[in-house]
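Please examine the sequence and the model shown here. A briefing on its architecture follows the display.

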Amino acid sequence: MKGISTLQSLTLRFGALAVALTAYLAFGTSGAEVRADQTVAQAAKEFSPTDPRFSALTQLQREELAESILGSTLFTVSHELGHAIIGLFELPMLGPEEDAADTFAAIALLSVGSEFTHRAMLDAAISLKRAAEREHRTADEPVFFQQHRPNQQRAYSIVCLMFGSNPREFKDLAESAKLPQERQETCTYEFEQADDAWNRVLRPHMRSASSAVRSLLRRLLGPKSANNSHELIEIRHLDAPGPLAPYRQLLVRSGMLEAVRETVLYQFVLPKKIAIEAKSCGEPNAYWNPGPTTLTLCYELMADFAELFPPQ
Ligand SMILES: [Zn+2]
């Protein structure tokens, strides 16, 4: 049955980057989205962090916490996927790669356009804002020599691209995020410019609609072949020691990494095998390593997103 609703969702969007992340399949439109939202909702329901800080949370608050962790995590994985795609397709960079990876993540999630991906962008913006506030509280100055722009600026850029993609739908969001009127005025242009640029550079690496469907059918129905099979993207959920175990469980149960794999395989002709792995790294981080072509998400980063959740 999975195949049928997946195919229904495939018919909804063809064309450039909109083809693009139709699938975060699981998070895309139609029946598949409903089922995936259920997967995320179910994973959130079962989330039980061991940190005593969260022991007083009600069931509903714990679910909100889990969903905000998953949202910020999806944005982060999309950002790292941006680095991966820039490297794998040898895309030209006309500005800092960190900015490009953020823009890729925003455009990709907007092109899926589901409630979950919109929420993921919002969660990411809120996490970045809270991280900036934490820096302020702990008297850590923003580090201006680092590759990423300061957190608050990254948060505003996400909100600006959301607003620019659909000013009517996201007007309230822009207002509540206190995006000043003068910036709001340029957001549509910023979104259209980014959307056009990414579509143009990615087009040569994207499957045609018919090849995407054939490839998907092969993966769903056909014998495994080296080409287009799930083997092209290996997913690894490595062990998580003690307090990190609930975050591993949340990630596994949400099916997020598998959904990202499905999307990438559906959209792109990858030149080589890659791996997406979640593991304990000893620090909150996520990165793309071009040598072994591995995208790594550290469970500690998910725990850090949890730490940014306001105390109840
Ligand atoms: Zn980055």
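This is a predicted model: local features need pLDDT of at least 70, side-chain atom pairs count only at pLDDT 80 or more; totals for chains, interfaces and linings use all residues.

Residues are numbered from 1 along each chain as its sequence is written. The protein chain has 13 helices and four strands, where helices (H or I, at least four residues) and strands (E, at least two) are DSSP runs numbered from the N terminus.

**Overall make-up**

- Of the 312 residues in the protein chain, 42% count as buried; a residue is buried if 20 or more other C-beta atoms, placed from the backbone, lie within 10 Å of its own, exposed if 12 or fewer, and partly exposed in between.
- Among contacts in the protein chain (C-beta atoms, placed from the backbone, within 7 Å) between residues at least 6 apart in sequence, 63% join residues at least 24 apart.

- The four strands form an open sheet of mixed pairing in the order 1-2-4-3, two strands being paired if DSSP finds at least two bridges between them.
- Its edges are strand 1 (233-237) and strand 3 (286-289), each of which pairs on one side only.
- From one strand to the next, the twist averages 10°.
- Strand 1 runs parallel to strand 2 (residues 274-279), the two being paired over five bridges; Glu 234 has Ala 275 of strand 2 as its bridge partner.
- Helix 13 (residues 299-307) lies across strand 2, strand 3 and strand 4 (294-298), at about 40° to strand 4; axes are lines fitted to C-alpha atoms, for helices over the stretch in contact, and angles run from 0 to 180 degrees between N-to-C directions.

**The nonpolar core**

- The largest nonpolar core has 74 residues, of which Leu 109, Met 121, Ala 125, Ile 158 and Val 159 touch the most other members; such a core is a set of buried Ala, Val, Leu, Ile, Met, Phe, Trp, Tyr and Cys residues joined through C-beta atoms within 7 Å.
- Leaving aside residues up to four places away in sequence, Leu 109 touches Phe 75, Ser 78, Thr 117, Ala 120 and Met 121.

**Helix packing**

- Helix 4 (residues 59-88) packs on helix 6 (residues 115-137) at about 90°, with the axes 7 Å apart; the two are therefore roughly perpendicular, a class that spans 65 to 115 degrees, against under 35 for roughly parallel, over 145 for roughly antiparallel and oblique for the rest.
- Helix 4 contributes Ser 68, Gly 71, Ser 72, Leu 74 and Phe 75 to this contact, and helix 6 contributes Arg 119, Ala 120, Met 121, Asp 123, Ala 124 and Ser 127.
- The axes of helix 11 (residues 245-254) and helix 13 come within 9 Å and cross at roughly 100°, so this pair is also roughly perpendicular.
- Tyr 247, Arg 248 and Leu 251 of helix 11 meet Tyr 299, Met 302 and Ala 303 of helix 13.

**Positive phi values**

- Most residues other than glycine have a negative phi.
- Lys 178, which is not a glycine, has a positive phi of about 55°; this residue is in the loop between helix 8 (171-176) and helix 9 (181-202), and counts as exposed because it has 8 C-beta neighbours inside 10 Å.
- Thr 293 likewise has a positive phi, near 45°; Thr 293 lies in the loop between strand 3 and strand 4 and, with 17 C-beta neighbours inside 10 Å, counts as partly exposed.

Technical notes. Two residues are in contact if their C-beta atoms, placed from the backbone, lie within 7 Å.
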